[in-house]
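Here is a short report on a structure. Have the sequence and the model in view as you read.

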Amino acid sequence: MTTALAAGYVWLMPRAEQSRVVEVSFVEQAGDAGCLNVHSMVQLSDRFENVMPWLSSIGAAAAAGDSDGDGAADLYVTNSGRGESNRLFRNRGDGTFEDVTERAGVGCGNPEGASMHAIWGDIDNDGDLDLYVIKWAEPNTLFENRGDGTFQDISSRAGVDSWGYGNAATFLDYNRDGLLDILVGNYFADVVTHEKTGKLVRNNLWKPATTRVMHETFTHADNGGRNVFYRNLGDGRFEEVAQEIGLTFTGWTLSVGSGDLNNDGWPDLYLANDFGPDEFYLNTGATESPPRFRIVVNPKGHPGIGNDWWKGMNVDMGDVNNDGYLDIYVTNILERRYKTDEGNMLWLSGADTLSPGGRGFRNISQQVGTHDGGWGWGGKFADFNNDGLLDIYTVNGFVTGDADHNYWYAIQEMVTQTKNQTADAADWPVMGDRDLSGYERGRLFMQVESQEENSSTPAFVEMAELAGIADLYNGRGIAVADYNLDGWLDMYVANQGAPSCYYVNRTGKSDLRTKSSGRAYMSLDLVGRPDQPVIVGSRQLASTKDAVGARATIVTSAGQQMREVQGGMGFSSQSEHAIHFGFGENEILHSIRVRWPSGRVQDYDAEDAKEMLNSRVRIVEGSSEISKP
Amino acid sequence: MDAIKQPSRSPFRIVIPSWRDPRVMMSVALTLWTVLGQTTFYFNRDLFQLGLAVGVACLLDMVLAGVVMRQLILPLSAYQTALSIGLLLESYDWRLFVIAPAWGVLSKYLIRNSKQHFFNPSNFALVMALLLTHGRATIAPGSQWGADYRVSVVIAVIGMVMMIRVNRVGLVFSWVGGYVFMSILRMAGGQGGAVFTLGPMTGAEFALFTFSMLPDPKASPPTARGRLWWGFSIAVLDGVMRYYEMRYSMFYSLFIHTAILPIMRWVAEKAGLQEADPWKLVTLSIFGKRPVSSNS
């Protein structure tokens, strides 16, 4: 027996550490660059004191967007404490920032609730980015950009001032009418049963009507918030149509993402839910008008994309294996010390006759080494070393407390229970100063060339520490952008209750004398023309001004790369609209194709592509002109 | 401990359970539970892993029974072991679903005192998997088996019927009573409220342990009184471990107790207290002799 036990022990012994190293380097400069923000945490009613560190563990968000049209991404950063202002950092154009919150009038201040998230999008197609701030227990706020550095609150007039517990939002044009719509993902329910009167009342976590506000199970809870979908009517107003278009599930949504996952030209949805299955919706626009969203069920008949672990925190989409289809990264929880071997999921798109449209997803995360993200939160695809392969940066850490005294046991005991017994916060053991996966370092999964020939499966190595990412804060949102316009993607990380980190990419700096120094890049700033719709059959399709949903495909001697303009994706964060490509030293560009949401296609040949190399290029829909702002 | 010693020239026999064998009903219940879980409830069990566990356990049991005991068996016990492992164990690593069932089945043949094994194979496999697989194994959260009290009620009802058939009702009540007693002590000690301490009893993990693993007739004391103390003692040790925040404590507690089961058996044997084999088997000789029904 001893031999059998020993044999099993040896067979499962972890393999030796990876030997491949990727050249990538960051330096943290939030203080020096003038964009440091120390996030203030939400403080709820004392009735939740026993689990306060848990309930106040989200709210640090960051959104990158070029709000002043100068070509450089600015930053909007949230604070969640009562009376605390959110901050707008204007990029001076060189990756340093000035705080312009007061002048812009976008502070919010959290008078009754708490700011949780924000996204940039041009909702009125006037060429500048407007700002939508998502909150707990306060109406969400839509700020219209006046174009002069100031903003105006138009939430009520526009009809997007929903009250709830939003933690996620994205802009998308689901019906391709050239107008940005909004999806808001809510976490807690907005109404609860009053513990004394038995009546349905507003769920106010500052003045609670009950302590029964928690999730009813850890695996398929549907007592979370009602998600909201605003259809843009084009006259400055929106209408709420979530039920009408098929979004009915009331899970605990933490992140929402939109992208054309089946390449039919219509934006699909992925919702990452805590305590329940994620939701994957296909847009029916290709076969139905007006379009709706049809939920995808896995072969077992359950909602979702495959076997998930019911703790979805983040969704991001990117073509990780350069096959022309978007793949999905969902963060989750992994803590081997407490035997929670679940982990982040990398859903690779592939042909699958059993799935709708002949495309399915399989989780390759464990196989390729991107699943150990700790207690994961934000996670983003980006090509950090300009090698043409998408990498992944993911942050983590839940509650930092006494490292010798943790809360894992309490959580795991509650997980074993049957439905509804976890719903009352009062039944949860006191958390006090206990730690729950605090002190974790972010993971930088750098993609490397697969060692298997003709493999469409990517391979990664974890490089965070070697790359200079050293903070142990509880990270939440990651806003990726080339802030200093040097051709290398930087990261801004909003940390929960802690100073933010601004990681400036130094991979290509000549003083480092790395192989990466000779690599090239291209950054495309796509501008749609909603005033130039395309008639397709009986439909009139148009792109939004900020071109959300447009995609560019570049064919090179090394293969192809595809990127899609996002309207805000990833937990509590938004990366810049501009799409970024990296190219190896000897890579030859053959062609560029831009597919607009209107259906229009623009092609550029090798000569054009060469002209765009190593620069940020503005491409306007329907125009052959290429400009470099 | 003694591995099985069988005369090499004994006749080769076919040994199959009769319909009255309690393992038949248990196997049907576990199968039904698995099928319902995959089709109706949100069991997040990987069918490949479940199939692998069943295949490995059954095949290994049949091979070992043939080689060591010169029997061709219908591997019901191995099937139950595999399903328990497939349902309870959670890991990305498919190798675990080879190793754990193999460990469980091997423990039956290789860790024995006198004529029989004393570890519950599923419990042995789970504990070894938790301790020896470098953090790759965990016990699946109970709530993923439906998180529905009706699941637990059905398990409890079927479980109690089976407990009557294998004469283990007292053991179950002493374990559950002991658990409640220790929960009250833990509450008094300030570890948490009633839901936190008593709530795990409502989950499927507790039910599966209580009605499938704990009362294994081959891995529990032979006397009624001994079983009462046994169940209570497992609960006390479990309660102490829970107080010190040791997860999966009931599996560890049972493991520790079964490790000392040979002593209890020895004492019972000295006192002349023996229990009839609960398995109801039909044995057929394949060399032309007439079929014989027996409880072997």
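## Where chains A and B meet

The contact takes 32 residues from chain A and 43 residues from chain B. Two residues are in contact if their C-beta atoms, placed from the backbone, lie within 7 Å. On the side of chain A that touches chain B, the elements giving two or more residues are helix H1 (2–11), strand S23 (340–341) and H7. H1(A) gives the most, with 5 residues. Helices (H or I, at least four residues) and strands (E, at least two) are DSSP runs, numbered from the N terminus.

This side of chain A divides into 12 nonpolar, 13 polar and 7 charged residues. Ala, Val, Leu, Ile, Met, Phe, Trp, Tyr, Cys and Pro count as nonpolar; Asp, Glu, Lys and Arg count as charged; the others, Gly among them, count as polar.

## Basis of the model

This is a predicted model: local features need pLDDT of at least 70, side-chain atom pairs count only at pLDDT 80 or more, and totals for chains, interfaces and linings use all residues. Residues are numbered from 1 along each chain as its sequence is written, while chains are lettered from A and ligands numbered from 1 in the order in which they are written.

## Chain A as a whole

Chain A has 8 helices and 45 strands. Its C-alpha trace spans about 70 × 70 × 55 Å along the principal axes. Of its 629 residues, 61% are buried (20 or more other C-beta atoms within 10 Å of a residue's own, placed from the backbone).

## One residue in H7

Ala410(A) lies in helix H7 (residues 408–415) of chain A. Ala410(A) is buried because 20 other C-beta atoms lie within 10 Å. Its C-alpha atom is separated by 9.0 Å from that of Val430(A), 20 residues apart along the chain.

Methods. A residue is buried if 20 or more other C-beta atoms lie within 10 Å of its own, exposed if 12 or fewer, and partly exposed in between; C-beta atoms are placed from the backbone.
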